[in-house]
Every structure is written in C-alpha cells, then in structure tokens.
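Hello,

Here is the structure I said I would pass on. Please have a look at it, then read the notes below.

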Amino acid sequence: MQEQMNRQLGQLRQTAVELGLGPALKLVRRTVLPSARRNAVDDQHLALLLSFVLQEDSNCIDVGAHRGDVLKSIVLHAPRGEHIAYEPLPHLFEYLCLEFPTVTLKQAALAEKSGVSPFAYVRSRPAYSGLRQRTADGAEEVEEIEVVVEVLDETLPPDHRLDLIKIDVEGAEYGVLKGGQKLLATNRPYIIFEFGAAARKYGTTAEEMYRLIDGDLGLRIFDMDGTGPYTLGSFRRTFDNGSRFNFVAHA
C-alpha cells in the first residue's frame with residue numbers, strides 16, 4: 001500500500017513539473033520542510049559568497065549544473081572567466097547549451113574513474129538524479145539511462161587555473177573531488193559542495209570527506225552560515241544529525 005501511494009505521489013509531482021508547476025512546488029516545500037528552508041537560506045548565502053570571491057576573470061567549474069541557477073551567478077560575476085559546466089541529463093544539457101553559449105558544457109558526470117555508467121534519472125524529481133538511486137523504490141518515477149563519466153584530473157591539466165568549483169551531485173561528491181585531487185591540490189580553489197545523507201548511498205563517511213578536504217587538500221571547511229572551520233568531530237556530528245549539508249572549503 002505504501003509503495004503504491006509513493007508511486008502515485010511521484011506521478012503527481014511529475015505531472016506538476018510537466019505542467020510548469022515545478023517552481024510553485026519548490027516554494028511549497030521551502031515553506032513546509034525544515035531541510036528545504038535551510039537550503040533556501042544557504043542559496044542566499046551562496047549568492048553573496050559568489051559576489052564577494054569571484055573576480056571578473058575567475059575560472060569556475062560547475063559540477064551538476066542542472067538548470068544553471070548557480071552557473072548564472074558565476075557568469076554574471078566572472079564574465080571574462082573560462083567556465084566549465086557538467087550536466088549528464090540530456091534535456092538539461094540541451095537547455096544549458098542554449099542559455100550559456102560562452103560556457104564549455106559537458107554532457108557527462110564526474111567521478112574517480114572514467115567510463116560509461118548507469119544513471120538514475122528521477123523523472124518526477126530531476127534534481128535527485130545521480131549515479132546511484134537515492135530515492136526509495138516506488139517513491140518516484142525513475143528511469144535508468146547511461147551516461148559518460150569523466151575524471152577531472154584526466155580532463156584538465158594541473159596547471160589549469162581554477163578559482164572556484166561547485167559540486168552538487170546527490171551524494172557522489174567525494175568521487176568528484178578524489179578524481180580531481182591533483183588539480184585541486186595545485187589550485188586550492190574555493191570548493192562549494194553538498195555533503196548529506198545521500199553520500200551514504202556511495203559508502204562515503206564524514207571522516208573520508210574531511211580527511212580529503214582538510215588533510216590532503218589543506219583546505220578549511222565552513223558551512224554556508226560561516227560557522228567553522230569545522231573539526232573532524234564537528235563535521236562528523238553535523239553529518240550524522242543532518243543539520244547542515246551545504247559547505248564551502250577554502251585556504
């Protein structure tokens with residue numbers, strides 16, 4: 001019975017999205033759900049952060065560009081920068097190509113190993129799509145597609161100047177960072193990343209993420225309120241209780 005109800009809710013959400021009611025649904029979620037309200041505040045703080053740290057010629061990478069909300073701010077604040085955006089979903093990639101003609105767009109996912117991989121396209125909630133399915137069976141309408149997977153260190157040389165990278169890939173953030181470790185260690189850019197419950201689908205622990213960013217890359221971790229720098233203990237506790245899931249790391 002529960003699975004059937006979940007499927008019906010997923011179908012209703014998909015219908016609403018197809019009718020152009022996605023923004024209205026997002027507004028309702030932000031009014032009702034604490035996590036959605038937290039995300040709305042983080043989005044505001046992210047907009048401020050980009051306006052402060054980006055120069056006209058800053059180079060940025062947007063991993064999981066989706067519909068380009070963050071990419072739009074990047075292009076606005078760094079119009080002379082060389083920007084790269086990754087989006088594996090075909091219809092969103094095509095949309096980005098039309099909207100961002102000055103950006104190098106890649107219809108691919110990023111991870112630690114390159115190749116071709118199954119990809120869970122959540123038709124009723126595209127923002128939840130990823131290399132692994134994070135939604136409960138029956139809760140959403142999910143279509144399995146195949147996507148190209150690239151490794152950042154194999155795509156760009158370490159001497160490529162990188163000032164900021166934003167990563168929102170529904171739990172697969174650790175693989176993106178691990179695959180770009182040489183580039184990131186050389187440039188030490190601002191890293192804006194999501195790290196929440198979806199990471200458990202990939203077996204990633206708070207300890208692994210913290211030691212990669214704070215230890216291997218030598219960057220300090222803050223949340224979007226500016227709280228930090230996080231210690232391993234505070235980062236682990238925050239991950240466990242889910243009170244924060246958007247972070248920024250910098251030197």
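**Sheet and aromatic cluster**

Seven strands form an open sheet in the order β3-β2-β1-β7-β8-β10-β9, and their pairing is mixed. Its edge strands, β3 (104–106) and β9 (220–223), each pair on one side only. On average, neighbouring strands of the sheet are turned by 15° against each other, direction ignored. Please keep in mind that this is a predicted model.

The structure has seven aromatic pairs. In one of them, the ring centres of F195 and F235 are 5.6 Å apart with planes at 10°, so this pair is stacked. F195 lies in the loop between β8 and α9 (206–216), while F235 is in helix α10 (residues 232–241), so the pair ties together parts 40 residues apart in sequence. Both residues are buried: F195 has a relative accessible area of 2%, and F235 has 1%.

F235 also pairs with Y230, with ring centres 6.2 Å apart and planes at 85°, so that pair is edge-to-face. Y230 is buried at 9% relative accessible area. Ring pairs link F193, F195, Y210, Y230, F235, F239 and F247 into a cluster.

Two arginines sit over tyrosine rings: the charged end of R67 is 4.2 Å from the ring centre of Y95, and R125 lies over the face of Y128 at 4.8 Å from the ring centre.

Regards

Technical notes. Residues are numbered from 1 along each chain as its sequence is written. This is a predicted model: local features need pLDDT of at least 70, side-chain atom pairs count only at pLDDT 80 or more; totals for chains, interfaces and linings use all residues. Side-chain values use heavy atoms; hydrogens and water are left out. Two strands pair if DSSP finds at least two bridges between them. Helices (H or I, at least four residues) and strands (E, at least two) are DSSP runs, numbered from the N terminus. Axes are lines fitted to C-alpha atoms, for helices over the stretch in contact, and angles run from 0 to 180 degrees between N-to-C directions. Rings of Phe, Tyr and Trp (its six-membered ring) pair if their centres lie within 6.5 Å; planes under 30 degrees apart count as stacked, over 60 as edge-to-face and the rest as tilted. Buried means under 20% relative accessible area, exposed over 50%, partly exposed in between (1.4 Å probe, protein chains only). A charge sits over a ring if NZ of Lys or CZ of Arg is within 6 Å of the ring centre and within 35 degrees of the ring normal.
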